[in-house]
Amino acid sequence: MPQRGRVVLEGIRFAAGVASDPSGVVTFWKAATGGKVVGCLPEAPIPELLHAAHLLTIAFESPEDLSLLSGRVDAWLVGGDPSAFSIPSEGAPRFFFPRVPPGNVEEALDRVEMLAEWAGAVSGSPASEGGLWKSIRTHSILRSLLDAFAERCIRETTFLTPGERRNIVRAGIFLPPEAHSRLLSSILGIDPGPADIPAEGERGDPLIELAKRLM
């Protein structure tokens, strides 16, 4: 095992704590932001929409995860495939998002607009155009960091143990994207650059940009 600095070790310990008991970090996020949590079965297809509406998305992997966060989920985003486990039947709002690819851009845009409207109603803070572009940039940076993390783990097989790698990735299920990016960049020892989005793109409609991703 190579020598690892204090920042890396702190990141590893933090990720392990979040992965083993996420209730504390989720409770803290809700108290600090006043935001709401959306449980996703499976993961949100376009998390940028929910993030821009100031919602924290959690893609539950098991009934055990659900029991860890009992009572902290305010709404549910449900996919088309049957879930491996049932979700609570209390009156939390639900949105059914089809997993079948849309037939055209217009259908994809309809889905995105309906999800955006629902997210705004759940949070009480509809996403603005500027907020959507900011969220798109945030998630683009996170994806690039996850790619860099995976590449380093392949290149340097002794940099982290398999359990440490799992915890660092798993922590991202429960953290807001900005926090997961900070965790990854601290462990990698890099300063993430700006998202690679053409300037002219941000003068367009972010909902259309997200709709195209569903195609």
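Analyst: Buried means under 20% relative accessible area, exposed over 50%, and partly exposed in between (1.4 Å probe, protein chains only). This is a predicted model, so local features need pLDDT of at least 70 and side-chain atom pairs count only at pLDDT 80 or more, while totals for chains, interfaces and linings use all residues. Residues are numbered from 1 along each chain as its sequence is written, and side-chain values use heavy atoms, with hydrogens and water left out.

On to the pairs. Side chains of opposite charge can pair when their charged atoms come close. Taking a salt bridge as a side-chain nitrogen of Lys or Arg within 4 Å of a carboxyl oxygen of Asp or Glu, the count here comes to 10.

One of them joins Glu-10 to Arg-6, with the closest N and O atoms 3.0 Å apart. Both sit in helix α1 (residues 6–20), and because they are 4 residues apart, about one helical turn separates them; helices here are DSSP runs of H or I, at least four residues, and strands are runs of E, at least two, numbered from the N terminus. Arg-6 is exposed at 58%, whereas Glu-10 is partly exposed at 37%.

Arg-152 is buried at 18%, and Glu-156 comes out partly exposed at 30%.

Salt bridges also link up into a network, made of Glu-48, Arg-143 and Arg-213. Glu-48 is in turn among the residues touched by His-139 (heavy atoms within 4.5 Å), along with Pro-47, His-51 and Pro-177, leaving aside residues up to four places away in sequence. His-139 lies in helix α6 (residues 129–155) and is buried, at 8%.

Glu-106, Asp-110, Glu-113, Glu-129 and Asp-205 form a negative surface patch; patch residues have over 30% relative accessible area and no salt bridge, with like charges joined within 9 Å. Helix α5 (residues 105–123) gives the largest share, 3 residues. Asp-205 comes from the loop between α8 (177–188) and α9 (206–213) and is partly exposed at 36%.

Note on methods: Patch = residues over 30% accessible without salt bridge, like charges linked within 9 Å, V, L, I, M, F, W, Y side chains within 5 Å. Areas by Shrake-Rupley, 256 points an atom, 1.4 Å probe, with all protein chains shown as cover. Lys, Arg positive; Asp, Glu negative; His and termini not counted. Charge placed at Lys NZ, Arg CZ, Asp CG, Glu CD.
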